[in-house]
Amino acid sequence: IPVIGEPARSSSLVKATITVMLSRPAWAELPESCAVELIPRGSTPGEARTQRTPLGGSVVEFYDVLFGTYLIRVEALGFVTAEVPVSVSREHHAPRQVVPLVPAREITGEVRDASGKPVVGIEVSARPIEAIPGFVQSTGVAITDENGVFHIQPLPEGDFWVHAGPLRSPISETYKAELYGER
(Lines give C-alpha, C1' and ligand atoms only; values in the text may rest on other atoms or scores of the structure.)
Protein backbone atom coordinates (compact mmCIF):
# COMPACT_ATOMS: atom_id res chain seq x y z
CA ILE A 1 0.00 0.00 0.00
CA PRO A 2 1.58 3.32 -0.99
CA VAL A 3 2.29 5.76 1.83
CA ILE A 4 0.77 9.20 1.40
CA GLY A 5 2.51 12.11 3.10
CA GLU A 6 5.32 11.96 5.65
CA PRO A 7 5.24 8.94 7.97
CA ALA A 8 5.19 9.61 11.72
CA ARG A 9 8.57 9.53 13.48
CA SER A 10 7.49 6.41 15.38
CA SER A 11 6.80 4.54 12.15
CA SER A 12 9.15 1.74 11.10
CA LEU A 13 9.38 3.57 7.75
CA VAL A 14 11.77 6.13 9.28
CA LYS A 15 14.02 3.66 11.09
CA ALA A 16 17.22 2.13 9.84
CA THR A 17 20.31 0.14 10.81
CA ILE A 18 23.79 1.63 10.97
CA THR A 19 26.71 -0.80 10.65
CA VAL A 20 30.04 0.45 12.03
CA MET A 21 33.15 -1.38 10.82
CA LEU A 22 36.52 -0.65 12.42
CA SER A 23 39.74 -0.63 10.39
CA ARG A 24 43.34 -0.32 11.52
CA PRO A 25 46.83 -0.32 10.02
CA ALA A 26 48.17 -3.80 9.18
CA TRP A 27 50.86 -3.52 11.86
CA ALA A 28 48.39 -2.67 14.65
CA GLU A 29 46.27 -5.23 16.44
CA LEU A 30 42.63 -4.51 17.19
CA PRO A 31 42.00 -3.84 20.86
CA GLU A 32 40.09 -6.45 22.86
CA SER A 33 37.03 -4.22 22.88
CA CYS A 34 36.04 -0.72 21.75
CA ALA A 35 33.26 1.60 22.91
CA VAL A 36 31.24 2.73 19.88
CA GLU A 37 28.87 5.63 20.54
CA LEU A 38 26.10 6.87 18.23
CA ILE A 39 25.30 10.52 19.03
CA PRO A 40 22.31 12.34 17.44
CA ARG A 41 23.20 15.72 15.87
CA GLY A 42 21.17 18.81 15.01
CA SER A 43 17.41 18.24 15.09
CA THR A 44 17.71 14.44 15.14
CA PRO A 45 15.69 13.20 18.13
CA GLY A 46 16.89 10.59 20.58
CA GLU A 47 19.71 10.05 23.01
CA ALA A 48 23.24 8.80 22.50
CA ARG A 49 23.64 5.02 22.47
CA THR A 50 26.80 3.06 23.24
CA GLN A 51 27.77 -0.48 22.33
CA ARG A 52 30.98 -2.42 22.80
CA THR A 53 32.56 -4.53 20.10
CA PRO A 54 32.63 -8.23 20.89
CA LEU A 55 35.95 -9.57 22.15
CA GLY A 56 38.41 -9.04 19.28
CA GLY A 57 35.57 -8.00 16.96
CA SER A 58 35.46 -5.09 14.56
CA VAL A 59 31.74 -4.68 13.71
CA VAL A 60 28.88 -3.09 15.67
CA GLU A 61 25.30 -2.58 14.49
CA PHE A 62 22.79 -0.02 15.77
CA TYR A 63 19.18 -1.05 15.04
CA ASP A 64 16.02 1.07 14.89
CA VAL A 65 17.89 4.30 14.20
CA LEU A 66 15.68 7.25 13.28
CA PHE A 67 16.41 9.16 10.07
CA GLY A 68 18.76 12.08 10.71
CA THR A 69 22.42 12.91 11.25
CA TYR A 70 24.69 11.30 13.81
CA LEU A 71 28.25 11.32 15.04
CA ILE A 72 29.96 7.97 15.52
CA ARG A 73 32.62 8.14 18.26
CA VAL A 74 34.97 5.21 18.86
CA GLU A 75 37.17 5.00 21.95
CA ALA A 76 39.71 2.21 22.41
CA LEU A 77 42.67 1.83 24.71
CA GLY A 78 45.89 2.63 22.83
CA PHE A 79 44.10 4.39 19.95
CA VAL A 80 43.19 7.99 19.20
CA THR A 81 39.45 8.69 19.71
CA ALA A 82 37.85 8.61 16.26
CA GLU A 83 34.79 10.64 15.24
CA VAL A 84 32.95 10.19 11.94
CA PRO A 85 29.62 11.78 10.86
CA VAL A 86 26.89 9.66 9.24
CA SER A 87 23.45 10.42 7.80
CA VAL A 88 20.45 8.12 7.64
CA SER A 89 17.60 8.83 5.21
CA ARG A 90 15.08 7.10 2.98
CA GLU A 91 17.78 6.89 0.29
CA HIS A 92 20.50 5.72 2.71
CA HIS A 93 18.55 3.61 5.19
CA ALA A 94 21.27 1.02 5.91
CA PRO A 95 24.60 2.89 5.88
CA ARG A 96 27.81 1.06 6.54
CA GLN A 97 30.47 3.32 7.98
CA VAL A 98 34.16 2.39 8.17
CA VAL A 99 35.91 4.09 11.08
CA PRO A 100 39.72 4.06 10.93
CA LEU A 101 41.48 3.44 14.22
CA VAL A 102 44.82 5.24 14.55
CA PRO A 103 47.23 3.94 17.22
CA ALA A 104 48.03 6.55 19.84
CA ARG A 105 51.68 5.54 20.20
CA GLU A 106 54.08 8.39 19.64
CA ILE A 107 57.62 9.50 20.13
CA THR A 108 57.76 12.92 21.76
CA GLY A 109 60.77 15.11 22.38
CA GLU A 110 62.26 18.52 21.86
CA VAL A 111 65.06 19.99 19.78
CA ARG A 112 67.35 22.66 21.24
CA ASP A 113 70.38 24.40 19.82
CA ALA A 114 73.83 24.52 21.46
CA SER A 115 72.78 27.46 23.67
CA GLY A 116 69.65 25.62 24.88
CA LYS A 117 67.10 27.60 22.88
CA PRO A 118 64.25 25.69 21.18
CA VAL A 119 64.65 25.06 17.44
CA VAL A 120 61.39 25.95 15.66
CA GLY A 121 60.13 24.38 12.40
CA ILE A 122 62.76 21.69 11.95
CA GLU A 123 62.00 18.21 10.68
CA VAL A 124 62.56 15.31 13.06
CA SER A 125 62.71 11.73 11.72
CA ALA A 126 62.26 8.33 13.35
CA ARG A 127 62.90 5.01 11.63
CA PRO A 128 62.69 1.47 13.01
CA ILE A 129 66.02 -0.07 14.01
CA GLU A 130 64.79 -3.49 12.82
CA ALA A 131 61.96 -4.36 10.45
CA ILE A 132 58.56 -4.41 12.16
CA PRO A 133 56.16 -6.98 10.62
CA GLY A 134 53.34 -5.25 8.73
CA PHE A 135 54.86 -1.77 9.19
CA VAL A 136 55.67 -0.70 5.64
CA GLN A 137 56.34 2.92 6.48
CA SER A 138 60.09 3.45 6.56
CA THR A 139 60.02 6.53 8.77
CA GLY A 140 57.89 8.81 10.90
CA VAL A 141 58.33 12.55 10.49
CA ALA A 142 57.24 15.60 12.48
CA ILE A 143 58.01 19.33 12.54
CA THR A 144 58.93 21.05 15.81
CA ASP A 145 56.51 23.66 17.20
CA GLU A 146 57.29 27.11 18.66
CA ASN A 147 58.78 25.42 21.76
CA GLY A 148 60.96 23.00 19.77
CA VAL A 149 58.65 20.09 20.71
CA PHE A 150 57.75 17.30 18.26
CA HIS A 151 55.28 14.38 18.26
CA ILE A 152 55.81 11.55 15.76
CA GLN A 153 52.77 9.30 15.41
CA PRO A 154 51.23 6.82 14.77
CA LEU A 155 53.95 4.27 15.35
CA PRO A 156 54.05 0.59 16.28
CA GLU A 157 55.88 -0.65 19.35
CA GLY A 158 59.59 -1.14 18.79
CA ASP A 159 63.00 0.52 18.81
CA PHE A 160 63.62 3.60 16.63
CA TRP A 161 66.51 5.81 15.60
CA VAL A 162 65.49 9.48 16.05
CA HIS A 163 67.35 12.56 14.80
CA ALA A 164 66.75 16.15 13.75
CA GLY A 165 66.74 16.67 10.01
CA PRO A 166 65.46 14.60 7.08
CA LEU A 167 65.84 10.82 7.15
CA ARG A 168 68.89 10.76 4.83
CA SER A 169 70.45 14.03 6.05
CA PRO A 170 70.59 14.14 9.85
CA ILE A 171 71.79 17.42 11.35
CA SER A 172 72.08 16.09 14.90
CA GLU A 173 73.36 12.97 16.56
CA THR A 174 71.01 9.98 16.38
CA TYR A 175 69.22 8.80 19.51
CA LYS A 176 67.70 5.41 20.24
CA ALA A 177 64.05 5.57 21.35
CA GLU A 178 62.34 2.49 22.80
CA LEU A 179 58.61 2.77 22.14
CA TYR A 180 56.71 0.31 24.34
CA GLY A 181 53.36 1.55 25.58
CA GLU A 182 51.83 4.79 24.38
CA ARG A 183 54.77 7.21 24.54
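This is a predicted model: local features need pLDDT of at least 70, side-chain atom pairs count only at pLDDT 80 or more; totals for chains, interfaces and linings use all residues.
Me: In what order do the four strands of the open sheet lie?

Reply: Happy to start there. Strand S3 (49–52) and strand S6 (82–88) are the edge strands, each pairing on one side only, and the twist averages 25° from one strand to the next.

Me: Which elements give two or more residues to the largest nonpolar core?
Reply: That core has 25 residues. Ile-18, Val-20, Tyr-70, Ile-72, Val-74 and Val-99 are the ones touching the most other members. In soluble globular proteins, nonpolar side chains tend to be buried together. The elements giving two or more residues are strand S1 (15–23), S2, strand S4 (59–66), strand S5 (68–75) and S6.

Me: Which residues does Ile-72 touch, not counting residues up to four places away in sequence?
Reply: Ile-72 is among the core residues that touch the most other members. With residues up to four places away in sequence not counted, the contacts of Ile-72 are Ile-18, Val-20, Val-36, Glu-37, Leu-38, Ala-82, Glu-83, Val-84, Val-86, Gln-97 and Val-99.

Me: How many residues apart are Glu-37 and Arg-73, whose side chains meet in a salt bridge?
Reply: The N to O distance in this salt bridge is 3.5 Å. Glu-37 sits in strand S2 and Arg-73 in strand S5, so the pair links distant parts of the chain by strands that DSSP assigns. Their separation is 36 residues.

Me: Is Arg-73 buried, partly exposed or exposed?
Reply: The cut-offs do the work here: buried means under 20% relative accessible area and exposed means over 50%. Arg-73 has a relative accessibility of 21%, and Glu-37 has a relative accessible area of 21% too. Because 21% falls in between, Arg-73 counts as partly exposed.

Me: Which residues are linked with Arg-73 in a network of salt bridges?
Reply: One partner is Glu-37, at 3.5 Å from N to O. Another salt bridge joins Arg-73 to Glu-83 at 2.7 Å; Arg-73 is in strand S5 and Glu-83 in strand S6, ten residues apart. Glu-83 is partly exposed, with a relative accessible area of 45%. The residues linked with Arg-73 are therefore Glu-37 and Glu-83.

Me: What is the relative accessible area of His-163?
Reply: His-163 has its place in strand S12 (residues 158–164). Not counting residues up to four places away in sequence, His-163 touches Glu-123, Val-124, Ser-125, Pro-170, Ser-172, Glu-173 and Thr-174. His-163 is buried, and its relative accessible area is 4%.

Conventions. Residues are numbered from 1 along each chain as its sequence is written. Side-chain values use heavy atoms; hydrogens and water are left out. Two strands pair if DSSP finds at least two bridges between them. Axes are lines fitted to C-alpha atoms, for helices over the stretch in contact, and angles run from 0 to 180 degrees between N-to-C directions. A nonpolar core is a set of buried Ala, Val, Leu, Ile, Met, Phe, Trp, Tyr and Cys residues joined through side-chain atoms within 4.5 Å. Buried means under 20% relative accessible area, exposed over 50%, partly exposed in between (1.4 Å probe, protein chains only). Contact means heavy atoms within 4.5 Å. A salt bridge is a side-chain nitrogen of Lys or Arg within 4 Å of a carboxyl oxygen of Asp or Glu.
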